[in-house]
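I opened the notebook today to look at how this chain packs. Here is what I went through, entry by entry.

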Amino acid sequence: MNILWQHLSDPEYLHILINPLPVYGLAVGVLALALALVLRNQSVTVAALVLVFVCALSAWPTYYYGEAAYDRVKAMSDPAGEQWLDEHMARGEKMIWLFYVLAGVAALGVGAVLKWPRTSFAITVGTLVLGGAILGTGGYIAYAGGHVRHKEFRFEPPPQARAEEHHHDDEQHAADSHPEESPAESAQPQMEHADHDKTPNGAGQPKTEEEKKLLEASRLQLEASRLQLEASRKQLEASDGASPSASQSASPSVSPEHKHDEHPH
């Protein structure tokens with residue numbers, strides 16, 4: 001009982017357990033409706049409509065547990081199985097409402113046959129046609145689901161177009177969830193990230209191209225200042241050479257002071 005309870009608490013197990021009802025069960029219901037048309041028996045007609053109602057309504061728990069088991073089944077599947085799983089889910093999402101319509105028609109048909117027996121033939125024919133069409137829809141959905149884990153069923157390549165469509169939808173959803181940022185706003189987090197990446201050991205090392213350009217500009221500016229100071233020093237030396245009297249009258253004690261003035265710290 002413990003093992004059985006563990007199985008019943010797994011959504012993927014429940015999905016596999018009840019997913020034949022919307023297909024095989026509905027096929028039995030359609031055959032029962034055809035039998036009711038032949039026998040023209042009110043009791044058989046009501047029983048067939050009830051069977052169709054139950055099998056069509058079973059599509060809801062089948063879809064519910066399948067959606068709950070999607071992540072775990074996808075994690076266990078190979079790449080081709082993942083694409084078939086996406087196709088199976090997409091078909092179920094788009095066509096699940098047809099089973100609800102059939103369940104509603106069957107339920108109304110039971111009430112109409114019991115209250116107005118003369119409408120039995122028209123209701124049976126209408127439900128039979130609708131049930132046959134939706135039975136084909138159920139087979140179309142189940143066809144993709146059978147390829148998820150059963151590699152022996154894969155006689156064709158996986159649905160690439162559907163997988164790319166889901167991938168595009170995921171990207172679009174991600175883009176919609178993050179509003180577009182301006183270039184300044186997008187650059188600001190990068191600068192902040194670069195600042196956080198700086199460590200005390202590498203504080204003097206540039207991290208980005210912009211910082212490298214700023215350091216290069218500062219170096220060039222310092223080099224220009226050094227050249228300007230060198231030109232001024234040479235000009236002062238040339239002036240001292242043009243006035244030898246001034247240089248001869250200069251005492252040795254004063255020249256160090258001039259030298260000190262000519263080369264500021």
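**Entry 1**

I began with Ala-59, which, leaving aside its neighbours within four places in sequence, is in contact (heavy atoms within 4.5 Å) with Pro-22, Ile-96 and Phe-99. I am working from a predicted model, where local features need pLDDT of at least 70, side-chain atom pairs count only at pLDDT 80 or more, and totals for chains, interfaces and linings use all residues. Residues are numbered from 1 along each chain as its sequence is written, and side-chain values use heavy atoms, with hydrogens and water left out.

I looked up the distance to Pro-22: Ala-59 and Pro-22 are 37 residues apart in sequence and 5.5 Å apart in space, C-alpha to C-alpha. Ala-59 belongs to helix 5; helices here are DSSP runs (H or I, at least four residues), numbered from the N terminus. With a relative accessible area of 4%, Ala-59 is buried. For these classes, buried means under 20% relative accessible area, exposed over 50%, and partly exposed in between, using a 1.4 Å probe and protein chains only.

Which residues of helix 5 are buried? I found Ala-59, Thr-62 and Gly-66 in helix 5 (residues 59-68). They sit on the same side of helix 5 because they cover an arc of only 60 degrees around the axis, the arc being that of the directions from the helix axis to the C-beta atoms.

**Entry 1: helix 4 against helix 7**

I checked this pair next: helix 4 and helix 7 pack at an angle of about 155 degrees, with axes 8 Å apart. Axes are lines fitted to C-alpha atoms, for helices over the stretch in contact, and angles run from 0 to 180 degrees between N-to-C directions. That makes helix 4 roughly antiparallel to helix 7, a label for angles over 145 degrees. Among the residues that meet are Leu-49, Val-52 and Phe-53 in helix 4, and Phe-99, Leu-102 and Ala-106 in helix 7.

**Entry 2: the nonpolar cores**

A nonpolar core is a set of buried Ala, Val, Leu, Ile, Met, Phe, Trp, Tyr and Cys residues joined through side-chain atoms within 4.5 Å. Of the 23 residues in the largest one, Leu-26, Leu-33, Leu-49, Val-52, Phe-99 and Leu-102 touch the most other members. Helix 3 (21-39), helix 4 (42-57), helix 7 (79-115) and helix 8 each supply at least two residues of this core. Its largest share, eight residues, comes from helix 7. I also noted a second, separate core of eight residues, including Ala-69, Val-73, Met-89 and Val-148.

Is Ser-120 buried or exposed? Ser-120 counts as buried, at 13% relative accessibility. Ser-120 lies in helix 8 (residues 120-149). Ala-142 is also in helix 8, and at 37% relative accessibility Ala-142 counts as partly exposed.

**Entry 3: Arg-40**

I finished in the loop between helix 3 and helix 4, where Arg-40 is found. Arg-40 has a positive phi of about 55 degrees although it is not a glycine. Most residues other than glycine have a negative phi. At 62% relative accessibility, Arg-40 counts as exposed.

Definitions and conventions
Angles under 35 degrees count as roughly parallel, over 145 as roughly antiparallel, 65 to 115 as roughly perpendicular and the rest as oblique.
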